[in-house]
Amino acid sequence: MLVALGCAPQDSTTASDTSSQPANQTPADCAQGKTLKDGTLTVATDSPAYDPWFSHNDPSNGKGYESAVAYAVAKQLGFDQSSVKWVKQPFNTSFAPGPKHFDFDINQISITAAREKAVTFSDGYYTAAQALIALEDSPIANVGSLADLKKYKLGAQTGTTSLTALREDVQPDSDPVVFQNTNDAKQALLNHQVDAIAADLPTAFYITAVQIPHSTIVGQFQQQSGTPEQFGMLFSKGNRLVDCVDQALANLKSDGTLDSIEQKWLSQTVSVPVLK
Amino acid sequence: MTELDRSAWEPSRRELERRAVRRARARRDILVATVALVIVVGALVVGITSAPGWDRVRETFFDWGEAKAAFPQVIKGFGKNVVVFLIAEPCILVLGAGVAVVRSTVSPVMLPFRVLAVAYADVFRGIPTILLVYLAGIGLPALELQGLTTNTMWLGTGALVASYGAYVSEVFRAGIESIHPSQLASADTLGLSRWQAMIYVILPQATRRVAPPLLNDFISLQKDTALLSVIFVFEAMFSAQDYTNYHFNYTPLVVAAVLFICLTIPLTRFTDWVARRMMRREFAGVVK
């Protein structure tokens, strides 16, 4: 048993103790010694890393909203661009028990109470509206209200707020089709296997603008049930770095950096009609 | 052993000694086996439950509350696995037997069909089933063929039939080739045509002989219905995964695993029983 103890270090389950920190401590001071490897910030995301959250499936180029946010947070924490290391982490194993191979995972993961039992989230860095994507020549493209959507075959990716919104807010007559990833959803739309797919608005914008010709955004809608879900960075349960990241995010919000990153990468989302 | 006249025969003292020794040995073997079992199982249980991460594993994989909450969704998905299996199985049997029969023909007219049958078995056994399922579910609808369903559950079932049909055709072929040539010669003598000989003489014997490996393939098929999850058929595993993705708890996957075990174990036992019955029949009392 001693051997087992030796090779399987216990997850740190104690919540970080913020009261002992001096009030004027910078995020960089806070992050000292709390990362997986000293001097390196290990950040994870899924592969492929989709636009407009990332760019060209390369999180390390600093392009795309989440890549830019990650580097801005890293800078606050005292890591320059070259000390940020990216690792691939499929979403559906990011919350597995046991030691994690990243400091945090940034992958459009919505913060929910159920999930917080297994992992720790940073504060939210983006609130996504939901949008429906259809082909231009499809009758659903002209629908103007959520109620009129019920009779269509709708789909969304598993684990996303988009699918929750379909299930709880739209409640279509036939169960929504569930996809493993966004690529399958896009292909199913092209194949007429579904009439429309739901995604968060920035993703929807990118899909209609770049990836599927002759597709259109039917409309956007905010999640009706409960408070809209926010994207947060995912940490191993009780990770002590999360407070430093929250501090960093607060700084980025107050000095307008987060807004300007959003302007740069997710700016075109205002002109889409709202479904009620 | 035939019944002896017991009154006329008494076991010798030596025989009685032998029996006593055998009994003692049997007792000792049972004792050793029990102790060994307890030690091994006990060590496994203690080893796993005292691992530092066990509490976390128990919470994330064996949470009774989550299991109950996820069960309706998972069992609903499991219904699809059962339907796919029940539809695919007879289709596979017919396809496999058909391809095997075609491959066993010798007539020159049948050559193109033999070539097709060989090509089919080679190609579809060579492609990983998961790839075949993916291509059928996502690729075929992209052709936008008139009259072809875009329902991925049926397309996936078709892919499973194609893949397993190729395997099963080889099992059937092995069965057909294992039938002694004298059977064919006897059928000839009785005036049966080649086809009649195949249908009435060869195939029934071959099928009986390959029943255990066939059933084995079907146990495998029951589990491979979960592959349809990659083409967004919301079956048991995908339903469980979906719940997992929202609640960050893996218990539903264990629930799905238990459901699959419940489905396969009866067929596994049935396969054992069929195999034993066949042994008894073919070896006529030599094997018990």
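This is a predicted model: local features need pLDDT of at least 70, side-chain atom pairs count only at pLDDT 80 or more; totals for chains, interfaces and linings use all residues.
View 1. Strands (E, at least two residues) and helices (H or I, at least four) are DSSP runs, numbered from the N terminus.

**View 2. The pairing of β5 and β9 in chain A.** Look for strand β5 (residues 130-135) of chain A: six bridges join it to β9(A), and the two run antiparallel. Two strands count as paired if DSSP finds at least two bridges between them. One of the partners to pick out is A:Ile217 in β9(A), which bridges to A:Ile133.

**View 3. Two domains of chain A.** Domain 1 of chain A takes in 28-126 + 231-269, while domain 2 covers 130-221. These bounds come from an automatic or database domain assignment. Where the domains meet, nine residues of domain 1 of chain A are in contact with nine of domain 2 of chain A. Contact means that the C-beta atoms of two residues, placed from the backbone, lie within 7 Å. On the domain 1 side there are four nonpolar, four polar and one charged residues. Nonpolar means Ala, Val, Leu, Ile, Met, Phe, Trp, Tyr, Cys and Pro; charged means Asp, Glu, Lys and Arg; the others, Gly among them, are polar.

**View 4. A:Ser55 in its loop.** A:Ser55 sits in the loop between β1 (41-45) and α3 (65-76) of chain A. A:Ser55 has 18 other C-beta atoms within 10 Å, so it is partly exposed. Leaving aside residues up to four places away in sequence, A:Ser55 touches A:Asn61, A:Lys63, A:Gly64 and A:Ser67. Now find A:Phe95: A:Ser55 and A:Phe95 are 40 residues apart in sequence and 25 Å apart in space, C-alpha to C-alpha.

**View 5. Where chain A meets chain B.** Here 28 residues of chain A are in contact with 25 residues of chain B. On the chain A side, α1 (2-7), β7 (177-179) and α5 (182-190) each give two or more residues, and α5(A) has the largest share, four residues. By class, that side holds 14 nonpolar, 10 polar and four charged residues. For the complex, the predictor gives an ipTM of 0.75 and a pTM of 0.77.

**Reading the views.** Residues are numbered from 1 along each chain as its sequence is written, and chains are lettered from A and ligands numbered from 1 in the order in which they are written.

Methods. A residue is buried if 20 or more other C-beta atoms lie within 10 Å of its own, exposed if 12 or fewer, and partly exposed in between; C-beta atoms are placed from the backbone.
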